[in-house]
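Have a look at the sequence and structure first, then read on for pockets, sheets and a few single residues.

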Amino acid sequence: MSDAELINELQTRGMRLVDPTAGLESRRGGAGPTDHKAVTVGETTVMVPVHTAPAFDSPYVVQAPGSDGLAEVTKSGEPMGKIRFPNRPKFYDHKTADGIEYSKIATLHSRDVLATTVLQTCIRYESRKKTCKFCSIGQSLAAGRTIAHKTPQQLAEVAKAAVELDGVRHMVMTTGTPAGKDRGAAVMVESAAAVKAAVDLPIQGQCEPPEDNIWHERMHKAGVDALGMHLESVTPEVRARIMPGKAQVSLEKYFDSFRAAVQVFGRGQVSTYILAGLGDTREAILETSAELCRIGVYPFVVPFVPVSGTPLESHPAPGSGFMASLLRPLSQMILNAGMSAETVKAGCAKCGACSALSTYEKQRVS
Ligand code: SF4
């Protein structure tokens with residue numbers, strides 16, 4: 001099995017651990033890849049589900065790591081390949097000047113990405129009718145694993161330490177959506193400015209499309225190097241069903257904001273997350289991705305992972321065959337548009353740990 005195939009299989013089916021304490025602790029709840037563990041396959045580090053319903057039934061079993069740090073992955077007793085777990089980051093052992101554990105301010109994603117959810121609350125999460133059904137932003141807050149609002153000073157302090165102690169290479173700043181027309185862009189501005197004043201670290205900001213496109217310039221000026229505005233789903237019916245609140249921001253608004261953002265950040269430095277497996281067909285995702293590529297937006301397509309405690313916890317994850325049939329042509333489309341995970345300055349598309357997409361990019365066929 002090739003590395004890309006093993007990554008695709010593990011990400012869609014999850015894995016069971018013979019030694020559940022192996023490696024860096026897994027993330028539970030929050031935004032981004034929750035209920036996952038970071039593992040390295042060959043040279044690529046990816047996030048693999050471990051606490052989800054499909055993972056409990058996964059045929060992939062990870063044996064305890066040997067003295068060389070490598071752990072064997074088996075399927076029905078047959079060896080499939082070897083993986084490695086990244087070490088616990090050193091910055092987790094510290095507290096901010098105001099006494100908060102650094103790990104409650106930001107966490108390590110994959111092996112060299114610092115990730116934070118600046119506002120751990122969201123106008124869309126507070127109502128059952130409006131919440132995005134895949135989201136668990138309130139769970140880690142309720143469990144006391146994070147704090148509601150990370151101040152610019154706290155983010156700057158933790159980012160500096162994560163660079164110095166653990167060599168992180170870029171930072172992802174996401175946020176729940178606050179009330180107000182900036183839709184999260186204002187907290188990106190103040191947070192990025194503080195981090196950039198403390199340390200030279202490429203930053204990806206993530207927010208909903210701000211009402212006024214002037215915010216793209218403000219974010220860029222403050223130190224945001226790349227921007228993510230996440231469609232999540234591409235078909236109007238799927239958007240309305242899966243994320244009734246967020247779907248009120250129209251696809252037209254997203255595309256208007258994408259075009260304006262590309263003018264500011266450059267081709268390939270604006271991206272969008274698309275969750276495959278929630279009802280969008282392969283053709284619909286590829287068609288929207290073709291349009292995104294045309295205007296210079298990187299379509300970061302990831303397999304949907306059902307998170308425990310969310311309304312979609314029992315929703316099946318997409319099959320590995322479906323993902324491969326999507327990611328293979330998509331990776332070529334992205335390269336043909338002059339974009340790549342490698343050339344993104346910061347963020348999810350660069351990290352690539354939630355999808356096998358960048359691994360397919362490396363297998364360029366033409
Ligand atoms: S792709 Fe994004 S959300 Fe996933 S691990 Fe990397 S930085 Fe985190």
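**Pocket and cavity**

The lining of the second largest pocket gets at least two residues from each of β3, α11 (348–351) and α12 (357–361). Helices (H or I, at least four residues) and strands (E, at least two) are DSSP runs, numbered from the N terminus. Keep in mind that this is a predicted model: local features need pLDDT of at least 70, side-chain atom pairs count only at pLDDT 80 or more, and totals for chains, interfaces and linings use all residues. Residues are numbered from 1 along each chain as its sequence is written, and side-chain values use heavy atoms, with hydrogens and water left out.

- That second largest pocket holds about 470 Å³ of space. A pocket here is an open set of points on a 1 Å grid over the protein atoms alone, with protein on both sides within 12 Å along at least five of seven lines; a cavity is a set of points where a 1.4 Å probe fits but cannot get out, and lining residues have an atom within 4 Å of a point.
- For volumes, grid points are joined across faces, edges and corners, and the space filled by probe spheres set on the points is what counts.
- Of the 17 residues lining the second largest pocket, Glu342, Lys350, Cys351, Ser358 and Lys362 lie nearest its centre.
- Sorted by class, the lining of this pocket has eight charged, six polar and three nonpolar residues. Ala, Val, Leu, Ile, Met, Phe, Trp, Tyr, Cys and Pro count as nonpolar, Asp, Glu, Lys and Arg as charged, and the others, Gly among them, as polar.
- As for cavities, the count comes to one of 30 Å³ or more, and the largest cavity has a volume of about 30 Å³.

**Sheet and strands**

- Six strands make an open sheet with mixed pairing, in the order β1-β4-β5-β6-β2-β3. β1 (16–17) and β3 (44–49) stand at the edges with a single partner strand each, so one side of each has no neighbour in the sheet. Strands pair if DSSP finds at least two bridges between them.
- β5 (residues 70–75) and β6 (residues 78–84) pair in the antiparallel sense over six bridges, and glutamate 72 has lysine 82 in β6 as its bridge partner.
- Elsewhere, β12 (residues 270–276) and β13 run parallel, joined by seven bridges; threonine 272 is partnered with proline 299 in β13.
- β12, helix α9 (residues 282–295) and β13 build a right-handed β-α-β unit (with the strands pointing away from the viewer, the path from the first strand over the helix to the second runs clockwise).
- Is β13 (residues 297–303) mostly covered or uncovered? Mostly covered: seven of its seven residues are buried, meaning under 20% relative accessible area, with exposed over 50% and partly exposed in between (1.4 Å probe, protein chains only).
- Val297, Pro299, Val301 and Pro303 point one way from β13, while Tyr298, Phe300 and Val302 point the other way.

**Single residues**

- Aspartate 225 sits in the loop between α6 (214–222) and β11 (226–228), and counts as buried because its relative accessibility is 19%.
- Valine 264, in helix α8 (residues 251–265), counts as partly exposed at 21% relative accessibility.
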